[in-house]
Amino acid sequence: MTPPDAPHNRWSDLDRPPLNGTALRRGLLRPDALWTSLDVVESTGSTNTDLAGQARGGAAVEGTVLVAEEQTAGRGRLERTWTAPPRSGLFFSVYLEPGDIPVERWGWVPLLAGVAAATGLAKSAGVDMSLKWPNDLLVAVQGEERKTGGILGEFAGDGIVVGLGINVSLRADELPAPTAGSLALAGAVSTDRETLLRAVLRSLEDWYGRWRAADGDAAASGLQAAYAAGCATLDRTVRAELPGGTSLVGEAVAIDGDGRLVLSTEDGLQQPVSAGDIVHLRGAAGGLT
């Protein structure tokens with residue numbers, strides 16, 4: 001193992017081998033597949049920023065995938081940063097153009113990515129995954145819910161860029177926050193990033209195909225039910241910290257047809273929340289998250 005003060009290179013941590021872009025392309029790029037190109041870069045600020053720039057410049061087509069071994073300025077929701085050691089996770093963005101789908105239904109795409117990622121990772125890593133509304137991926141580490149991944153969607157060009165950051169092999173002393181986790185710490189049977197990435201992208205292709213075939217109807221495609229079934233936020237008391245500095249407390253009772261979280265408040269109202277930061281207060285899993 002290379003000493004920690006040695007210059008970084010692609011072989012500096014033999015427990016974290018580099019991705020093989022050629023092998024990934026061979027396994028994912030087919031004439032009838034959604035994915036049309038896949039590039040792996042050693043380091044970048046943000047794959048979302050890079051791919052959104054390509055889309056706005058007309059250089060990206062639907063199915064473009066950009067993967068980074070390291071992100072130095074990764075972004076999460078609400079302008080939060082996302083940092084992790086090189087090759088310790090999956091950091092990638094995809095570009096989709098659901099142009100034939102009514103634009104008011106495009107808000108389901110990041111939630112769709114959450115269902116796809118949770119499904120793909122559960123199968124390939126053997127770890128029970130859940131979703132925190134709207135776009136966090138949760139695992140259990142020593143009986144506690146921990147965030148192991150996040151999803152960020154943004155409109156660009158004629159479509160939408162969806163970025164995913166997933167902690168794969170992070171050790172306890174590398175976690176950026178006490179509420180963070182990783183697949184390894186959750187007892188994953190595999191932390192092979194190529195296996196995991198292929199599984200997530202194939203699952204994303206499957207769910208995206210179902211959703212498009214149903215004209216973006218989340219109920220008809222099964223997406224709404226799948227998200228609700230895997231959502232750890234439902235049936236819990238939560239606090240929604242809303243844009244503008246206000247907040248709302250209630251029981252999370254449903255995911256509606258627009259992908260909004262519906263809260264039942266103390267005054268008996270059913271209040272849909274379309275954007276905000278959700279804090280789990282009480283519920284089946286217990287604790288604060």
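This briefing describes selected local features of the structure, grouped by topic.

The structure is a predicted model, in which local features need pLDDT of at least 70 and side-chain atom pairs count only at pLDDT 80 or more, while totals for chains, interfaces and linings use all residues. Residues are numbered from 1 along each chain as its sequence is written, and side-chain values use heavy atoms, with hydrogens and water left out. Helices (H or I, at least four residues) and strands (E, at least two) are DSSP runs, numbered from the N terminus.

**Backbone geometry in the loops**

- Most residues other than glycine have a negative phi, and most peptide bonds are trans.
- The peptide bond that joins Trp133 and Pro134 is cis, with omega about 0°, and Pro134 sits in the loop between β6 (130-132) and β7 (136-141).
- Arg87, a residue other than glycine, has a positive phi near 60°, and its place is in the loop between β4 (81-82) and β5 (89-96).
- With a relative accessibility of 1%, Arg87 counts as buried, a term that stands for under 20% relative accessible area, whereas exposed stands for over 50% and partly exposed for values in between (1.4 Å probe, protein chains only).
- Asp235, also a residue other than glycine, has a positive phi near 65°; the loop that holds Asp235 runs between α5 (223-229) and β10 (237-241), and Asp235 is exposed, with a relative accessible area of 58%.

**Two buried loop positions**

- Gly276 belongs to the loop between β13 (270-273) and β14 (277-282), and it counts as buried at 4% relative accessibility.
- Although Gly276 and Leu242 are 34 residues apart along the chain, their C-alpha atoms are separated by 4.5 Å.
- Ser182 is in the loop between β9 (159-167) and α4 (193-213), where it is buried, with a relative accessible area of 0%.
- Leaving aside residues up to four places away in sequence, Ser182 touches Val139, Thr148, Asn167, Val168, Ser169 and Leu170, a contact being heavy atoms within 4.5 Å.

**Packing of helices α3 and α4**

- Helix α3 (residues 108-125) packs against α4 at an angle of about 135°, with the two axes 8 Å apart; axes are lines fitted to C-alpha atoms, for helices over the stretch in contact, and angles run from 0 to 180 degrees between N-to-C directions.
- That angle makes α3 oblique to α4, since angles under 35 degrees count as roughly parallel, over 145 as roughly antiparallel, 65 to 115 as roughly perpendicular and the rest as oblique.
- Residues of α3 that meet α4 include Trp108, Leu112, Ala116 and Leu121, while those on the α4 side include Leu196, Val200, Leu204 and Trp211.
- The residues of this contact of α3 with α4 divide into 16 nonpolar, 5 polar and no charged, where Ala, Val, Leu, Ile, Met, Phe, Trp, Tyr, Cys and Pro count as nonpolar, Asp, Glu, Lys and Arg as charged, and the others, Gly among them, as polar.

- Strand β10 runs antiparallel to strand β11 (residues 247-255), and 5 bridges join them; two strands pair if DSSP finds at least two bridges between them.
- Ala240 stands opposite Leu248 in β11, and in the hairpin of β10 and β11, with 5 residues between the strands, Gly244 has a positive phi near 95°.
- Strand β11 also pairs with strand β12 (residues 261-264) in the antiparallel sense, over 4 bridges, and the bridge partner of Ala254 in β12 is Val262.
- The hairpin that β11 and β12 form has 5 residues between them, and Gly259 in its turn has a positive phi of about 80°.
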